[in-house]
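Trainee: Can we walk through this one together? I'd like to start in the sheet.

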Amino acid sequence: MGSGKGGKVSWSVAALMVALVAASLALETAAATHVVGGSTGWIIPPNSSFYSDWASTQTFAVGDTLVFNFQTGSHTVDKVTKSGYDDCSTSNLIGSAITTSPASVPLTTAGDHYFICGIPGHCSASQKLSVTVASSPTGASPPTSAAGPSPPGTDGSSAATSLLSGFRTAATFSLATALVFAASFFLL
Ligand SMILES: [Cu+2]
């Protein structure tokens, strides 16, 4: 008898859930901000693998931003080449050193990016960071499914990327469906 009304309520809740999940999906695919070193920030690290350990916990994509937090005057952020990173040399500086905190560095190209602190002695004490940036996982890439056959070998990485993002989307939608059903049952 009262089930009609209850059904109506649960459907609006379901619609709300769908909207929320859609919003969170949009957020998930949006550019991410990575705070280098987490709460430790950009310092002479407590151990030599600190920044590589931190980087290994992150997934970097084109459009993301690195944020270096440090005490202005005590450290700098110098983007360098791989050899500059390996040798702790700022002679291969890319652009100009950033001397004021917080330093926001947009990741605009895929591939490896290298950063060191330009204060003498700091890089050799492991204040250095390398990140591997993937091409944008969603949206910006052209539709590969409609593109027709492409020469083998050249498209491997982007195919893997879209496969990965497909899995991610599928997982998110399964979660959304589960949430909507849970909400409906709860309110009936
Ligand atoms: Cu430093």
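**Sheet, core and confidence**

Mentor: Start at Ile 116: its bridge partner in β7 is Lys 128. Strands here are DSSP runs of E, at least two residues long, and helices are runs of H or I, at least four, all numbered from the N terminus. Keep in mind that this is a predicted model: local features need pLDDT of at least 70, side-chain atom pairs count only at pLDDT 80 or more, and totals for chains, interfaces and linings use all residues. Residues are numbered from 1 along each chain as its sequence is written.

Trainee: What stands opposite Ile 116 in β6?

Mentor: Asp 78 does. Strands β4 and β6 pair antiparallel, over 3 bridges. Pairing takes at least two DSSP bridges between two strands.

Trainee: And how many bridges join β6 to β7?

Mentor: There are 6, between residues 111–116 and residues 128–134, and those strands run antiparallel. Tyr 114 has Ser 130 in β7 as its bridge partner.

Trainee: What's the strand order in the open sheet?

Mentor: The order is β2-β7-β6-β4, 4 strands with mixed pairing. At the edges are β2 (60–61) and β4 (78–80); each has a single partner strand, so one side of each lacks a neighbour in the sheet.

Trainee: Back to Ile 116. Which residues is it in contact with, leaving aside neighbours within four places in sequence?

Mentor: Among them are Asp 78, Val 80, Tyr 85, Cys 88, Cys 123 and Lys 128. Contact means C-beta atoms, placed from the backbone, within 7 Å.

Trainee: Which residues have the most contacts inside the largest nonpolar core?

Mentor: Val 36, Trp 42, Phe 68, Val 77, Ile 116 and Leu 129, in a core of 18 residues. Strands β3 (65–68), β6 and β7 each supply at least two of its residues. Such a core is a set of buried Ala, Val, Leu, Ile, Met, Phe, Trp, Tyr and Cys residues joined through C-beta atoms within 7 Å. Buried means 20 or more other C-beta atoms within 10 Å of a residue's own; exposed is 12 or fewer, and partly exposed is in between.

Trainee: How much of the chain counts as buried?

Mentor: 18% of the 188 residues. The chain has 4 helices and 7 strands.

Trainee: New topic. What does the pLDDT average?

Mentor: It averages 76, and 57% of the residues score at least 70. That score is the predictor's confidence in each residue, from 0 to 100.

Trainee: Where is it below 50?

Mentor: Residues 139–173 are one such stretch, with 17 contacts in the model beyond near neighbours in sequence. Residues 1–6 are also below 50, and that stretch has 2 such contacts.
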